Amino acid sequence: MVLDRIAAARIVPVVVVDGADEGARLADALVAGGLPIAEITLRMPRALEAIRAVVAEQPDVLVGAGTVVTVDQVDQVVEAGAKFLVSPGTYEPVIARAQELGVPILPGVATASDVMRAVNLGLDVVKLFPASVAGGPAAIKALSAPFPGLRFMPTGGVNATNLHDYLDLPAVIAAGGSWMVERPLVTAGDWAEITRRTAEAVALAAPRSATESPEN
């Protein structure tokens, strides 16, 4: 199941790539770093080409599409092969279309009202976005109380320093971040550095043992 794979990964790289070559090379770097998952955002003109290339050339990579804001984009990214969708906000027509196509979608929420809309649309996983602006870990703790069972993927301002502030919360399924796949590294073709940062992030995100937990 897609959400199970996201939960197992614990980190979802938020990727900005333009075109098939960048997409394929980036996917290779992520796989080499031990993280076969990517949310390819629709922020670049040829993002769809990147999604298609990763789906074709790295079939073991779980490919998602991010910054999905219109119903037409839902159709386009699903046709391109995206297995999950991420949206910056909670927009009912976009969510409904994803559900019609049977593709998981994680809409962005920043308030209790956003969460209520998502829950009433049948969702139990949402994206806190932008996490650092919307209250960070404290917001997740606060929103979890009236919405037990809801899980969050915080994205926006998540980095290596604060990653475990999020991952240590029971309501967090995974965290979205871009520090290991920063756009300047992609444009420079520094795939080795992306692989190094990815491997480092995978090790950092590994579940802590009981003796490492903040309570002890």
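This is a predicted model: local features need pLDDT of at least 70, side-chain atom pairs count only at pLDDT 80 or more; totals for chains, interfaces and linings use all residues.
The largest pocket has a volume of about 210 Å³. Its lining is made up of 16 residues, and those closest to the centre are Val14, Arg43, Phe129, Thr155 and Gly156. Two elements, strand 2 (37–41) and strand 8 (175–177), each give two or more residues to this lining. By residue type, the lining of the largest pocket divides into 8 polar, 5 nonpolar and 3 charged residues.

The second largest pocket holds about 150 Å³ of space. Here 14 residues form the lining, with Ala8, Ala9, Gly34, Leu35 and Pro36 nearest the centre. Helix 1 (2–9) and helix 10 (191–205) are the elements that contribute two or more residues to the lining of this second pocket, and helix 1 supplies the largest share, 3 residues. The lining of the second largest pocket consists of 11 nonpolar, 1 polar and 2 charged residues.

Phe129, one of the residues closest to the centre of the largest pocket, is joined to proline 130 by a cis peptide bond, with omega near -15 degrees. Proline 130 itself sits in the loop between strand 6 (125–128) and helix 7 (136–144).

Two residues other than glycine have a positive phi. For arginine 10, phi is near 70 degrees; this residue belongs to the loop that links helix 1 and strand 1 (11–15). Arginine 10 has a relative accessibility of 16%, so it counts as buried, the cut-off for that class being under 20%. For threonine 67, phi is about 55 degrees, and its place is the loop between strand 3 (62–66) and helix 4 (71–80). Threonine 67 is partly exposed because its relative accessible area is 22%, which lies between the limits of 20% and 50%.

The last stop is threonine 90, found in the loop between strand 4 (84–87) and helix 5 (92–100). With a relative accessible area of 12%, threonine 90 is buried. What surrounds this side chain? A polar atom of the threonine 90 side chain lies 2.7 Å from the backbone oxygen of glycine 108. Apart from neighbours within four places in sequence, threonine 90 is in contact with Ile95, Pro107, Gly108, Val109, Asp114, Arg117 and Ala118.

Key:
Residues are numbered from 1 along each chain as its sequence is written. Side-chain values use heavy atoms; hydrogens and water are left out. Helices (H or I, at least four residues) and strands (E, at least two) are DSSP runs, numbered from the N terminus. Buried means under 20% relative accessible area, exposed over 50%, partly exposed in between (1.4 Å probe, protein chains only). A polar contact is a pair of N or O atoms within 3.5 Å; within protein, one must be able to donate a hydrogen and the other to accept it, and residues adjacent in sequence count only if both atoms are side-chain atoms. Contact means heavy atoms within 4.5 Å. On a 1 Å grid over the protein atoms alone, a cavity is a set of points where a 1.4 Å probe fits but cannot get out, and a pocket is an open set with protein on both sides within 12 Å along at least five of seven lines; lining residues have an atom within 4 Å of a point. Grid points are joined across faces, edges and corners, and a volume is the space filled by probe spheres set on the points. Ala, Val, Leu, Ile, Met, Phe, Trp, Tyr, Cys and Pro count as nonpolar, Asp, Glu, Lys and Arg as charged, and the others, Gly among them, as polar.
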